Amino acid sequence: MHNITIVYNLAVSCWLGGAALFTFLLTPLIFASYSRDIAGGVVGVLFPGYFRWGLACGAVALLCQIMNRGRFAVASLVLIIIMLALTAVQAFVLEPQAAALKQSIVSFATTPADHPLRVQFRKVHGLSMAANLTVIAGGIVLVMLSSLAPTAESNPDPGKAASQTAASQ
């Protein structure tokens, strides 16, 4: 079970790290470096891979958590399922809607902010941002839960374990 725990921790860490890196470093850097239209195009190209990464890491974490039911197993399973559902909605519903809206908007620089397409894009983008931040928050909670010390039942008395090991030799 120890190897499953390691794979679980790596999957959650990679999911959280990828989401945090993309959200808080890469996207702002791209938008600061290029015009809004070009930056939106670049980020739009990256989104499918970003969501596949989250779905893959989440699936691995879910399988590991199912196999390695430990402390906080139910809470972790529920959280992973919610995070996967949000990532799937982003990948298969919100991102395609946003991409279609972006195709319909000639330029974000010249199209007025109150244009109906821009208003609709802002709504879809806002939902996607909320889902993304929820996934990041969930990843933080999963890391915290996996870092908590095991309970007394799952961690037997070290002296008793040592005497049992010595007796069996």
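**Helix packing, cavity and pocket in a predicted model**

Gly58 is found in helix H2, where helices (H or I, at least four residues) and strands (E, at least two) are DSSP runs, numbered from the N terminus. The structure is a predicted model, in which local features need pLDDT of at least 70 and side-chain atom pairs count only at pLDDT 80 or more, whereas totals for chains, interfaces and linings use all residues. Residues are numbered from 1 along each chain as its sequence is written, and side-chain values use heavy atoms, with hydrogens and water left out.

With a relative accessibility of 0%, Gly58 counts as buried, a class that means under 20% relative accessible area, while exposed means over 50% and partly exposed lies in between (1.4 Å probe, protein chains only). Once the neighbours within four places in sequence are left aside, Gly58 is in contact with Trp15, Ile80 and Leu84, contact being defined as heavy atoms within 4.5 Å. Between Gly58 and Trp15 there are 6.9 Å from C-alpha to C-alpha, although these residues are 43 residues apart in sequence.

The secondary structure of the protein chain amounts to five helices and zero strands, and its elements follow the order α-α-α-α-α from the N terminus on. Of the 169 residues of the chain, 33% count as buried. Among the contacts of the chain with a separation of 6 or more, 71% are made by residues 24 or more positions apart.

Ile30 belongs to helix H1, which covers residues 2–33, and Ile30 is buried, its relative accessible area being 14%. Not counting residues up to four places away in sequence, Ile30 touches Ala39, Val42, Val43 and Leu46. Ile38, by contrast, lies in helix H2 and counts as partly exposed at 49% relative accessibility; its C-alpha atom and that of Ser107, 69 residues apart along the chain, are separated by 9.7 Å.

Helix H4 has 32 residues and reaches 47 Å from its first C-alpha to its last, which is close to the 46 Å expected at 1.5 Å a residue, the expected span being 1.5 Å times one less than the number of residues. The buried residues of H4 include Arg118, Phe121, Val124, Ser128, Asn132 and Val135, and the buried residues of this helix pack against H1, H2 and H3. An α-helix has 3.6 residues a turn, so residues three or four places apart point the same way. Ser128, found in H4, is buried with a relative accessible area of 16%, and apart from its neighbours within four places in sequence Ser128 is in contact with Gln90 and Leu94.

A search of the whole structure finds one cavity of 30 Å³ or more. On a 1 Å grid over the protein atoms alone, a cavity is a set of points where a 1.4 Å probe fits but cannot get out, and a pocket is an open set with protein on both sides within 12 Å along at least five of seven lines, lining residues having an atom within 4 Å of a point. Grid points are joined across faces, edges and corners, and a volume is the space filled by probe spheres set on the points. The largest cavity holds about 60 Å³ of space, and the residues that line it include Trp15, Tyr50, Trp53, Gln90, Asn132 and Val135. At least two lining residues of this cavity come from each of H1, H2 (36–67), H3 (73–104) and H4 (116–147). By class, the lining has five nonpolar, five polar and no charged residues, where Ala, Val, Leu, Ile, Met, Phe, Trp, Tyr, Cys and Pro count as nonpolar, Asp, Glu, Lys and Arg as charged, and the others, Gly among them, as polar.

The largest pocket has a volume of about 640 Å³. Its lining is made up of 30 residues, of which Thr27, Phe31, Val43, Phe47 and His125 lie nearest its centre, and the elements that give two or more residues to this lining are H1, H2, H3 and H4. The lining of the largest pocket comprises 16 nonpolar, nine polar and five charged residues.

Zero disulfides are found in a search of the whole structure, a disulfide being a pair of cysteine sulfur atoms within 2.5 Å. The sulfur of Cys14 has its closest cysteine sulfur in Cys57, at 5.3 Å, which is too far for a bond. Cys14 counts as partly exposed at 34% relative accessibility, whereas Cys64 counts as buried at 6%.
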